[in-house]
Amino acid sequence: MKLLPASVVIVVFSTLLFAVNDSNLPETITDVATIVDKANIMAYYQGKDGKAKVEMTITDKKGQTRNREFIILRKDIEDGGDQKYYVYFLKPADVRKMVFMVHKHADINKDDDRWLYLPGLDLVKRIAASDKRTSFVGSDFLYEDVSGRNLAEDAHELIETNDKYYVVRNVPERPDTVEFSSFNVWIDRKTFIPMKMEFYDSKNKLYRIIESQKVEPIEVKEGERIQKFPTVVKSVVSDLSTGSKTEMEFTDVAYNINLEDIFTERYLRRPPREAQR
Amino acid sequence: MIRYKWSIVVILVFVFTLPSVAQEDDASDLNSLFSNLDVHGFYEIRSGYRTRKDKYEKDMSVMEQRLQIDLSSYLDWADFKVKGDIIGDLVEEQVDFDLREAYMFTRPYDFMDLKVGRQTLTWGTGDLVFINDLFPKDWQSFFIGRDTEYLKAPSDAAKISLFSELGNLDIVYTPQFDADRFISGRRISYWNSNLGRLAGRDAIQHTDKPDRWLRDDEIAVRIYKNINNYEWALYAYRGYWKSPGGQNASATQAIFPDLNVYGASVRGNVGKGIGNLEFGYYESDDDQSGENGNINNSELRFLAGYSQEIGRDFTAGMQYYVEHMLDYSQHKNSSPSGLTHDRNRHLITVRLTKLLMNQNLRCSLFTYFSPSDKDAYLRPNINYKVTDNLAVEAGANIFFGDYPSTFFGQFRNNTNIYTALRYSF
């Protein structure tokens with residue numbers, strides 16, 4: 001019997017091993033803080049900056065729809081910490097070229113700074129931003145859904161670990177500041193992307209659901225390497241109490257685009273190229 | 001004289017920067033200008049009536065159709081925009097064209113922005129109260145119930161902005177004085193101090209407006225910096241009172257005397273809301289001593305404001321504003337038609353805005369109230385977005401006053417209600 005060369009044996013074995021490993025589940029994490037930290041980074045802090053075109057369709061209970069379209073630019077000051085957002089509106093026509101800018105603060109005692117630029121008046125407006133749980137541009141998404149809810153706002157508990165998800169229950173530390181009593185998040189065990197969120201009201205009745213309906217890998221250059229960032233490209237929120245629904249679709253997604261500090265009055269008054277073209 | 005020198009400086013800046021940005025002209029530029037063209041605008045019908053009889057004005061306060069066309073395009077090195085309104089005006093019984101914007105914008109260097117042409121300009125921290133913003137206003141449009149956007153009249157100017165770590169600098173040069181679209185009596189009746197009574201279409205104000213190109217110019221400067229999201233700014237202006245600030249010796253024409261303004265402002269988070277402070281010294285340059293009763297006195301102007309979210313989609317804002325005359329005794333002694341002003345004009349404004357029905361319905365009330373003049377001006381407005389393109393609105397301009405000569409009191413008979421429908425595309 002002819003013996004296979006040792007190297008071939010090793011290659012075959014390692015491939016088998018790898019394959020077996022791959023089909024298996026990744027290592028199980030039991031620390032809930034690690035899970036929610038990773039999920040927070042995946043949902044809001046991938047790359048050092050990012051860009052996307054967002055199309056929003058709001059459908060009320062009668063089936064009437066309204067559309068919003070905007071370019072969103074983001075830059076992280078620190079992973080899991082402060083961030084800056086720049087939103088340049090394309091539709092509807094009456095808000096075209098309006099700009100909304102946020103300097104988000106991770107410190108829960110510090111309100112975010114928000115600005116609005118109204119092009120018709122050439123007016124830079126500062127907006128008071130104490131309530132983050134108000135509707136974003138009249139949709140079923142709230143400001144906090146778009147820019148992320150601070151992890152320190154909730155107590156987290158890992159209530160289930162199954163083949164696909166970590167299920168985390170979140171109870172607000174300051175219940176008087178929010179309209180829900182708790183919410184559960186289904187976090188994908190492989191990607192750590194939050195795939196579903198269910199919100200319960202004060203009577204423990206489910207009234208609001210956010211689902212990540214489509215996740216795509218986006219190619220990103222990190223130094224010399226090409227990496228793929230799994231990214232939610234379609235997200236839907238359903239408000240069961242009002243019968244209203246909002247779909248958000250992301251196109252032209254890009255990461256690490258080397259955004260300068262465009263989050264200033266200069267670029268409020270005149271958008272950067274990244275927002276316009 | 002000084003004005004003349006300023007204009008030379010500004011022209012030199014242009015001569016040196018433009019060639020560096022305007023690279024080789026070629027036919028492909030024209031092609032891309034067309035292929036990048038973006039066309040938008042709106043069509044609007046607006047009608048309003050006076051609720052009180054005004055013997056000097058028509059009953060219709062506003063009755064017009066308006067088509068706005070907004071064209072924008074760009075090349076590698078610049079953005080271009082032209083926006084104009086065609087208005088069929090039944091009050092004036094004429095068709096009018098109002099060119100709102102026509103400008104070129106470019107970023108020739110990392111540290112510089114340049115915007116040249118007809119443009120809308122705004123700075124300062126006040127909400128519908130202006131101290132250091134000396135760009136032209138259209139008070140007539142504001143009072144008859146046009147969209148708030150029309151409070152800002154366009155400037156024909158060049159704006160140079162320079163940016164650095166130390167601070168940012170804006171210089172706005174207007175080669176020919178752009179006055180306010182002020183209350184002349186044509187659409188709004190007013191207190192005429194020469195006649196000693198209210199007047200309107202029977203006594204439309206004639207003005208002697210400075211209009212020499214590059215001589216009767218204006219320059220406005222702002223230095224600003226954001227420090228930990230507190231926005232600090234210093235301002236200076238050299239030009240003219242934007243609405244008539246006096247009259248000639250024979251009292252036949254209203255004039256726009258020289259005006260210099262120096263000021264400062266700050267805006268930022270205060271508690272749960274946004275606070276702002278602004279100050280301005282108005283130097284009435286043609287009457288430094290305050291002895292000429294025909295020309296506005298020098299003034300100090302001060303503003304303090306605060307706004308906060310007081311409920312879901314419900315915001316409230318409040319401002320206190322004062323105008324303080326600096327040479328009051330001289331003014332008092334020299335005033336020809338008796339005393340018409342207090343030394344201090346105090347003004348309080350309150351803004352309430354509530355959004356309802358998924359933010360498609362906006363209810364707002366803006367109130368000006370002067371305890372010293374004993375007058376008030378209320379601006380209630382309801383706007384509903386029927387669809388993404390179609391909006392309907394209704395509102396009113398309500399004036400109160402104990403005296404016929406005070407700032408808002410003189411407009412009592414112009415109280416009006418209006419309604420409008422706008423289709424945006």
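How many helices and strands are there in chain A? Select chain A: five helices and 13 strands are there, counted as DSSP runs numbered from the N terminus, helices being H or I of at least four residues and strands E of at least two. This is a predicted model, in which local features need pLDDT of at least 70, side-chain atom pairs count only at pLDDT 80 or more, and totals for chains, interfaces and linings use all residues. Residues are numbered from 1 along each chain as its sequence is written, with chains lettered from A and ligands numbered from 1 in the order in which they are written.

Stay on chain A. Of its 277 residues, 29% are buried (20 or more other C-beta atoms within 10 Å of the residue's own; exposed is 12 or fewer, partly exposed in between; C-beta atoms are placed from the backbone).

Next, select Lys91(A) and Pro92(A), which are joined by a cis peptide bond with omega about 0 degrees. Pro92(A) sits in the loop between strand 3 (83-91) and strand 4 (99-104) of chain A.

Move to Asp252(A), in strand 13 (residues 244-255) of chain A. Asp252(A) is not a glycine, yet has a positive phi of about 50 degrees. Most residues other than glycine have a negative phi. Asp252(A) is exposed, with 9 other C-beta atoms within 10 Å.

Now select Leu214(B), in the loop between strand 10 (207-208) and strand 11 (218-227) of chain B. Its phi is also positive, about 70 degrees. Leu214(B) is partly exposed, with 15 C-beta neighbours inside 10 Å.

Finally, show the contact between the chains: 24 residues come from chain A and 30 residues from chain B (C-beta atoms, placed from the backbone, within 7 Å). On the chain B side, strand 17 gives the most, with three residues.

Notes: Contact = placed C-beta atoms within 7 Å.
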